[in-house]
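Reader: I've got a new model open and I'd like to learn how to read it feature by feature. Can we start with the charges and then work inwards?

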Amino acid sequence: MRARIIPAIPETVLSYNLGEKESLLEETAASLNMRHIKIPSDKAGEPIGFLAGYGGFVSNGTSVSASGECVIFSGISNKRLDALLKAMREKSLDIPLKAVVTQHNQSKSIEWLLDELEKERKSIEEQKR
């Protein structure tokens, strides 16, 4: 029986439509030795797994832009994610829509993810009332 070694997914912070916040996020990720990928605004239709560099995902060639900004975390442990979120708060880097790449969303698009995150956010705000 041969063991199959699965390479670790590099700690990556993906960002979409952050504008002026982009460089601060990149600096924050670099301070924790995490890779940063800025997703071009016209790539909102691409699979998240492809954008994060996961094997087995290919570009679907879709050129779609979406409104809204978000940050997506990939390959980051809970402890390291807590450290990153703390560093973002310390730098007053406010990005309300955040997600983690999962097996359930890696085949979905940024456009889909933004829509889901907005629905979730609205639902939480309604529950607080």
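Author: Happy to. The protein chain carries 18 positive and 18 negative side chains, and the centres of the two sets lie 6 Å apart. Here Lys and Arg count as positive and Asp and Glu as negative, with His and the chain ends not counted; each charge is placed at NZ of Lys, CZ of Arg, CG of Asp or CD of Glu. Some ground rules: this is a predicted model, where local features need pLDDT of at least 70, side-chain atom pairs count only at pLDDT 80 or more, and totals for chains, interfaces and linings use all residues. Residues are numbered from 1 along each chain as its sequence is written, and side-chain values use heavy atoms, with hydrogens and water left out.

Reader: In what order do the elements of the protein chain run from the N terminus on?

Author: Elements are DSSP runs numbered from the N terminus: helices are H or I with at least four residues, strands are E with at least two. This protein chain has four helices and four strands, in the order β-α-β-α-β-α-β-α.

Reader: What does the radius of gyration of the protein chain agree with?

Author: Take the radius over C-alpha atoms and compare it with the globule rule, 2.2 Å times the number of residues to the power 0.38. For 129 residues a compact globule would come out near 14 Å, and the protein chain has 15 Å, which agrees. Its C-alpha trace spans about 55 × 35 × 30 Å along the principal axes.

Reader: Is S74 buried or exposed?

Author: Buried means under 20% relative accessible area, exposed over 50%, and partly exposed in between (1.4 Å probe, protein chains only). S74, in strand β3 (residues 70-74), is buried because its relative accessible area is 1%. Across the protein chain, buried residues make up 36% of the 129.

Reader: Which side chain makes a polar contact with the side chain of S74?

Author: A polar contact is a pair of N or O atoms within 3.5 Å; within protein, one must be able to donate a hydrogen and the other to accept it, and residues adjacent in sequence count only if both atoms are side-chain atoms. For S74 the partner is the side chain of Y54, at 2.8 Å. Using contact as heavy atoms within 4.5 Å, and leaving out residues up to four places away in sequence, S74 touches several residues, including I9, L14 and V101.

Reader: And where do the loops come in?

Author: G61 lies in the loop between α2 and β3, and with a relative accessible area of 62% G61 is exposed. P40, in the loop between β2 (35-39) and α2 (48-51), counts as partly exposed at 40% relative accessibility.
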